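Subject: Structure for your review

Dear colleague,

Please find below the structure that I am handing over to you. After it, I set out what was found, topic by topic.

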Amino acid sequence: MRELGYQPNALARSLRRKKTHIIGVIVPDSANPFFAEVTRALEVALFKQQYAVILGNSDGDLERERLYTNTLVEKQVDGIVFVAVGQTGQEHALLIQKMQMPLVLVDRDVPRLAVDSVLADNAQGGRLATEHLLALGHRRIGCITGPSDLTPSADRVTGYRNALASAQIPIDETIIRKGDFQFQSGFDAARQLLTLPQPPTAIFACNDLSAVGAVSAAVALGLRVPQDVSVVGFDDVPLASFANPPLTTIHQPSHEMGALAAEILLGRLQNRELPPRRKLLETRLVVRQSTAPPNR
Ligand code: RIB
């Protein structure tokens, strides 16, 4: 074999074995460090079990997500780990299920789809972030959301609202601004909030990239973080601890999510009859230097 440079025909072997030993992964933003952390942990766990990974970046685009879904199903990968573009992406998860392809949803739930899933407790995280700011003495707390059709963002905002309601603080809808989980939207939303006649003294941003964008906007307006305005993010990506100032945030267990998704998928490949496993992982507050009591 070595002399002839012979390479076994993987296609022929997979047809014979009805296994490709390849797992497809579809994420909505491969440039976002959260998804990089999840897919790295996933790939490490799968590689240990002799599975290779094909990563598809839907880039938040439904058409791309459709293309990758169809391609991975046609290539007969052994299973798919799927992070939906949004609510509308659920049709692609349904397609995968209809093709009896083992499927694990990560990070974004698809309602009414009884399949394996690994999610974080986003409402808990939104509440923890807001309660932290309330405990510091903030009463006017702005919120920069993620895309409104994403369950993680909607649940974080629910946690924010619940924490304010528990503290008997009326919700001011004018200081809840839409973002898209990217730096720029955090910058733009924070600039709007911080130039209001009565600006919030603190901002809860629904992911770290938009939180870093918010900090940049505060600095651009000549404000100090946290002295003049406190900022809390969500994810706890590596960037958070190296931001300036280091970001107080909500830790999402991205490594555990990836490793658990691999474990659940491998278990499903061993036994297709297993009942769906739905895991909800805890989030927790990580206090750094971007929050402080309001500047009276
Ligand atoms: O930062 C990207 C966001 O999209 C994360 O908060 C993750 O939960 C995903 O939904």
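A pocket is an open set of grid points with protein on both sides within 12 Å along at least five of seven lines, and its lining residues are those with an atom within 4 Å of a point. Please keep in mind throughout that the model is predicted.

The second largest pocket

With that term in hand, consider the second largest pocket, which holds about 320 Å³ of space. Its lining is made up of 21 residues. Asp29, Arg108, Leu150, Asp180 and Phe181 are the ones that lie nearest the centre of this pocket. By class, eight of the lining residues are nonpolar, five are polar and eight are charged. Two helices, H2 (33-48) and H6 (151-166), each contribute at least two residues to this lining.

The cavity

The structure has one cavity of 30 Å³ or more. The space in the largest cavity amounts to about 50 Å³. Its lining consists of Ala84, Gly86, Gln87, Gln90, Arg108, Asp109, Val110, Asp149, Leu150, Thr151 and Pro152. These residues divide into four nonpolar, four polar and three charged. Domain 1 (10-120 + 254-281) and domain 2 (122-252) each supply at least three residues to the lining of the largest cavity.

Packing of helices

Two packed helices are described by the angle between their axes and the distance between the axes. Helix H2, already named for its part in the pocket lining, packs with helix H10 (residues 254-270) at an angle of about 40 degrees, and their axes are 7 Å apart.

For helix H7 (residues 183-194) and helix H8 (residues 208-220), the angle is about 45 degrees and the axes lie 6 Å apart. H7 and H8 are therefore oblique to each other as well. H7 passes H8 in a right-handed crossing.

Backbone details

Most residues other than glycine have a negative phi, and most peptide bonds are trans. Which peptide bonds are cis here? One runs from Val225 to Pro226, with omega near 10 degrees. Pro226 is placed in the loop between H8 and strand E9 (230-232). Another joins Asn244 and Pro245, where omega is about 0 degrees. The loop that contains Pro245 runs between helix H9 (238-242) and strand E10 (249-251).

Lastly, Asp59 is a residue other than glycine with a positive phi, near 55 degrees. Asp59 sits in the loop between strand E2 (52-57) and helix H3 (62-74).

Yours sincerely,
A colleague

Note on methods: Residues are numbered from 1 along each chain as its sequence is written. This is a predicted model: local features need pLDDT of at least 70, side-chain atom pairs count only at pLDDT 80 or more; totals for chains, interfaces and linings use all residues. Side-chain values use heavy atoms; hydrogens and water are left out. On a 1 Å grid over the protein atoms alone, a cavity is a set of points where a 1.4 Å probe fits but cannot get out, and a pocket is an open set with protein on both sides within 12 Å along at least five of seven lines; lining residues have an atom within 4 Å of a point. Grid points are joined across faces, edges and corners, and a volume is the space filled by probe spheres set on the points. Helices (H or I, at least four residues) and strands (E, at least two) are DSSP runs, numbered from the N terminus. Ala, Val, Leu, Ile, Met, Phe, Trp, Tyr, Cys and Pro count as nonpolar, Asp, Glu, Lys and Arg as charged, and the others, Gly among them, as polar. Axes are lines fitted to C-alpha atoms, for helices over the stretch in contact, and angles run from 0 to 180 degrees between N-to-C directions. Angles under 35 degrees count as roughly parallel, over 145 as roughly antiparallel, 65 to 115 as roughly perpendicular and the rest as oblique. A crossing is left-handed if the near helix is turned anticlockwise from the far one by less than a right angle, and right-handed if clockwise. Domain bounds come from an automatic or database domain assignment.
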